[in-house]
Amino acid sequence: MSCCTPSPVAIEDAPVAAQPGSAQPRNKGRIRTIALIGPPNCGKSTLFNRLTGMRQKVANYPGVTVEHHSGRMKSFGRPDLTLIDLPGIYSLATYSEDARVAVDVLKGNMPEVPAPDAVLLVLDCLHLNRQLMLAAPILSLGLPTLVLLNMADLLDARGGKIDPLGLAHELGHPVALISAAQGTGMDLIRNFLDQFGEFALTRPGSARLPIIQSPASCRKWASQVSSRSQFREPESPLWTRRLDSVLLHRVWGPLIFLVVVIAVFQVVFSIGQPLSDGLGDLLTRAGGLLTAMLPDNWMRALLRDGLWNGVQSVVVFLPQILLLFLFIGILEDSGYLARAALIADRVMRAFGLNGKSFIPLLSAYACAVPAIMATRTIENKRERLATILIAPFMTCSARLPVYTLIIAAFIPDRHIFGHLVGLRASVMLGLYALGFLAALLTAKMLNSRVMKASSAPFVLELPQYRWPMPRSLALRLYDRGKLFLKKAGTVILAVTFVVWGLSVLPVHHGGFSQLTDSVVGHLGHWIEPVIRPLGFNWKIGIGLLSSVLAREVIVGTLGTLYGVDPATHAASLQTALRHDMTLGGAIALVVFFAFAMQCTSTIAVVRRETNGWKLPALQFTYMTCVAYLGALVTNQFIQHMFR
Amino acid sequence: MALSDMRVGQSGTLETLELPERVSDHLAHLGFLPGASIEVLRRAPAGDPTVYRIDGVEVALRSETARYITVELADASREIRQ
């Protein structure tokens, strides 16, 4: 395992001290800022996370990082150094927004980001011939550079070979074999930084770089360099091809894709629901015990009926959210997502969607905000706007609590197709499909009206399959769980507080109002005519108003409203809803949520990415209209069917 | 012949890319350069896009793009064809 425990000999081609006056080191000769650069999907963010102890998103497909992120190298013991993680680039040509970010930071043209004093160039050493092409333009920048050959453990395991000393000699820059995933070779990075930090060294330009850096000349240079450094390409992993011959099979491929998707929802219900119910019981009991200790006054009512009920009704969905993200994480990290993109491409193309839209749209299943950021990889501006417009239709995880609540309350727990698929999971699948369909149809509409320009081609690099890293999965789940609970503890808590307050005010004769006489009651009855055709009562209406902040807020609001109401005070939210809504109204509600843009974070990110209010305003209006009409049709249809 | 006309299992040598610069530039960095050897690995279940093996990596292209890339079939492939 010589590659996994690289000896420091790899950087023995030690940088030579600069002759006085030969170069002007920045920052008085001390390096402070280091840029991480490399081609897409070579593991920059994995390394960034390891060196800084931060948690940037990593996954097994190109284009995960679309922004620059800075972090102090704390877990590396060098908090004095700032590391900048950059989007992956193939060259210094900037066709897309994310590549422009990388090049601007690298050249010191990015406002508010200090120009880097040194560069860590990360290359995937399994494909060194090709990856080395980037070394030519990067080394030409003339910054102190350490070349990191990542995934050295895999190179070793697959029978590949490289002479790091020879490569260092060829490049005129130190080279280190590392594995960012395993954490090997970090001491070499330390040596490099220590050397540069103390002596303020610069490099004599000893590498013979191609003079004209066209892709062809860079490629030729890269081949020469790698063959002179005894590079032996690793054997292509047979099992990736074998797996692909099944997973991309004409018949089995789409079938397996479908089974995977259904299985995810099935597990979210069959394992998630009991866990969620258990958590609910636990929280109800805990709330009862806690409030029992308080004197029986308005404070107790506020705490138990208002805050506890509201926040608890959202928090119980934690198990389902975590399960969903576990599956998304496994699919992303294994490399299956890129295959899913391949399988779905035909459908996407039929609706005029560009190949590059797929990854942003897929990530919208977690949350529309990173999805809209991910559209930066789309070069064509119109296509980018179209993808931003349709991304919020994809079913994000914030819809999950609303869907699960209504489905668990109204859809019987039955099996269809024998004992294979649950009815509840199927309804959930249908709702996801509904959102996807709305996205596709909107794309089609935009395609014929807006996007007549030539489209960017579909170029998809299929990463090799690999086992998801349990550490990275666990950290992602932890972060997701924390984010969810934080939202419950801030936005949802605040809304619940306001809703409770408005549901007992104004004070009459020294006592609280009844629910129907309260501010909320009046407001609710005032808006009821608008939403009655959809099958929603006034409480749902208040929930809808509050959910403009964020979708899951409606669950908290309903928890509070039904908690305050003496008629439903003791019942669970599910039971309360079952008695208070028709089937038509309930299904109309989830249809409304499938279409509506109830999310201030999304509105804010669209405003930021498009530099104006026009698009988010248009988008919000359009999606709300579609949602209203969709809910109206659903309710009327179900009413007539089941009358 | 056009890359899109190659059959699964055939291999050849890439000759020209008649695509806009930004596209051919991107493809060049994935290994699509004149003289590179390329193999057709498989088609997506719907028949398009197609997965090619070039320069040690697998890249999928729609036929609408592969149409503008010309290749010279390797001799072995030509024999299989006849």
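What covers the buried residues of helix 21 of chain A? The cover includes helix 20 (470-504) and helix 22 (538-546) of chain A, where contact is taken as C-beta atoms, placed from the backbone, lying within 7 Å. Helices here are DSSP runs (H or I, at least four residues) and strands likewise (E, at least two), numbered from the N terminus. The model is predicted, with local features needing pLDDT of at least 70, side-chain atom pairs counting only at pLDDT 80 or more, and totals for chains, interfaces and linings using all residues. Residues are numbered from 1 along each chain as its sequence is written, while chains are lettered from A and ligands numbered from 1 in the order in which they are written.

The buried residues of helix 21 are A:Val520, A:Gly524 and A:Ile531; a residue is buried if 20 or more other C-beta atoms lie within 10 Å of its own, exposed if 12 or fewer, and partly exposed in between. Helix 21 of chain A also bends by about 30 degrees at A:His525, with the proline A:Pro529 following within four residues. The bend is the angle between axes fitted to the seven residues ending at a residue and the seven starting there.

A:Asn41 sits between strand 1 (33-37) and helix 1 (44-52) of chain A and counts as buried, with 21 C-beta neighbours inside 10 Å. A:Glu112, between helix 2 (97-106) and strand 4 (118-124) of chain A, is exposed, with 4 other C-beta atoms within 10 Å.

Definitions and conventions
Two residues are in contact if their C-beta atoms, placed from the backbone, lie within 7 Å.
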